[in-house]
Amino acid sequence: MAFRQALQLAACGLAGGSAAVFFSAVAVGKPRAGGDAELRVVEPPAWAGAARPGPGVWDSNWDRREPPSLVNLRKRNLEPGEEELASRLDHYKAKATRHIFLIRHSQYHVDASLEKDRTLTPLGREQAELTGLRLASLGLKFNKIVHSSMTRAIETTDIISKHLPGVCKVSTDLLREGAPIEPDPPVSHWKPEAVQYYEDGARIEAAFRNYIHRADAKQQEDSYEIFICHANVIRYIVCRALQFPPEGWLRLSLNNGSITHLVVRPDGRVALRTLGDTGFMPPDKISRS
């Protein structure tokens, strides 16, 4: 009986869109001497936190930019009528689409002991040229290039930007490489210290919140923005933007100089147009170091 009740509770939790309820409600029976089963609660996985929706449920306010979230609640409660409230909500509604191009840096000298010496290899410089040519061939009016402050990202940006004259460049520490979150399943060849997840994870999550969101309500035209950074950062951002379990970021693989294209629509819907595209490179120019 207790097991049936647990399953019923789990079903109610799923209907309400809460993965946390489902995983905490399902019980495993352990026979006891009296014949009844002793219930053992199964802990929810890390990604099924209470703040996240359950499987199949899209959080439309994932970037906290839904108009009701932007209206001052105190003033909203004082509104005299629905018509004026609707007008104020419309004022905060996004009207443009953001096209976000996430570029992984080109191949670099991985064996250098100092970060400043991890410069691009000759192949890496060729890759950056090819990526710049590919971006220029799209015929888009790019608004800006935001890049990591690490040497390999700076050099990749300098080469790509030659093919996009007039596009402003902005450097940021938020997009530096790091360990965003402990991967699941774990891997044996890459095990950073726990403190690295703690420090890097907060910064990379801050990069996601700062750069990945729907357009500002004041933006009238669609925008095309380039972010040149690192594989771990891009993979984590893709998982977060699509509301996939972020612990799965290491299951994605990105070539050097690859192009990942995210689209964020005015209603907050997110689409992945391309992931790690290097189809514009000859096979002998492709690498993943």
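**Exercise 1.** State the element in which alanine 153 is placed, and decide whether this residue is buried or exposed.

*Solution.* Step 1: alanine 153 lies in helix H7. Helices (H or I, at least four residues) and strands (E, at least two) are DSSP runs, numbered from the N terminus. The model is predicted, so local features need pLDDT of at least 70 and side-chain atom pairs count only at pLDDT 80 or more, while totals for chains, interfaces and linings use all residues. Residues are numbered from 1 along each chain as its sequence is written, and side-chain values use heavy atoms, with hydrogens and water left out.

Step 1: alanine 153 has a relative accessibility of 0% and therefore counts as buried. Buried means under 20% relative accessible area, exposed over 50%, and partly exposed in between (1.4 Å probe, protein chains only).

Step 2: leaving aside neighbours within four places in sequence, alanine 153 is in contact with His105, Ser148, Ile228 and His230; contact means heavy atoms within 4.5 Å. Alanine 153 and arginine 104 stand 49 residues apart in sequence, yet their C-alpha atoms are 8.0 Å apart in space.

**Exercise 2.** Explain why helix H7 is described as largely enclosed, and identify the elements against which its buried residues pack.

*Solution.* Step 1: H7 covers residues 151-161, and nine of its eleven residues are buried, so the helix is largely enclosed by the rest of the structure.

Step 1: the buried residues of H7 include Thr151, Arg152, Glu155 and Ile160.

Step 2: these buried residues pack against strands E3 (98-104), E4 (144-148), E5 (168-172) and E6, and against helix H6 (122-137).

**Exercise 3.** Describe how H6 and H7 are oriented, and list the residues through which they meet.

*Solution.* Step 1: the axes of H6 and H7 are 8 Å apart and the packing angle is about 45°. Axes are lines fitted to C-alpha atoms, for helices over the stretch in contact, and angles run from 0 to 180 degrees between N-to-C directions.

Step 1: H6 and H7 are therefore oblique to each other. Angles under 35 degrees count as roughly parallel, over 145 as roughly antiparallel, 65 to 115 as roughly perpendicular, and the rest as oblique.

Step 2: on the H6 side, Arg125, Ala128, Glu129, Thr131, Gly132 and Leu135 take part, and they meet Glu155, Thr156, Ile159 and Ile160 of H7.

**Exercise 4.** Find the residues that touch the most other members of the largest nonpolar core, and name the element that supplies its largest share.

*Solution.* Step 1: the largest nonpolar core has 24 residues, of which Leu102, Leu175 and Ile212 touch the most other members. Such a core is a set of buried Ala, Val, Leu, Ile, Met, Phe, Trp, Tyr and Cys residues joined through side-chain atoms within 4.5 Å.

Step 1: at least two residues of this core come from each of E3, helix H8 (194-211), E6, helix H9 (231-241) and strand E7 (259-264). H9 supplies the largest share, seven residues.

Step 2: a second, separate core of 14 residues includes Phe101, Ile145, Val167 and Ile228.

**Exercise 5.** Characterise the surroundings of H9 and its packing with H8.

*Solution.* Step 1: ten of the eleven residues of H9 are buried, so H9 is largely enclosed by the rest of the structure.

Step 1: the buried residues of H9 pack against H8 and against strands E3, E6, E7 and E8 (270-277).

Step 2: H8 and H9 pack at an angle of about 55°, their axes being 10 Å apart, and the two helices are therefore oblique to each other.

Step 3: Ile204, Glu205 and Phe208 in H8 meet Val233, Tyr236, Ile237, Arg240 and Ala241 in H9.

Step 4: glutamine 243, which follows H9, has a positive phi, near 60°.

**Exercise 6.** Which side chains form polar contacts with the side chain of serine 223?

*Solution.* Step 1: serine 223 is found in strand E6 (residues 223-229); at 5% relative accessibility, this serine counts as buried.

Step 1: the side chain of serine 223 makes a polar contact of 3.1 Å with that of glutamine 219 and one of 2.9 Å with that of glutamate 225. A polar contact is a pair of N or O atoms within 3.5 Å; within protein, one must be able to donate a hydrogen and the other to accept it, and residues adjacent in sequence count only if both atoms are side-chain atoms.

Step 2: beyond its neighbours within four places in sequence, serine 223 is in contact with Thr97, Arg98, His99 and Asn143.
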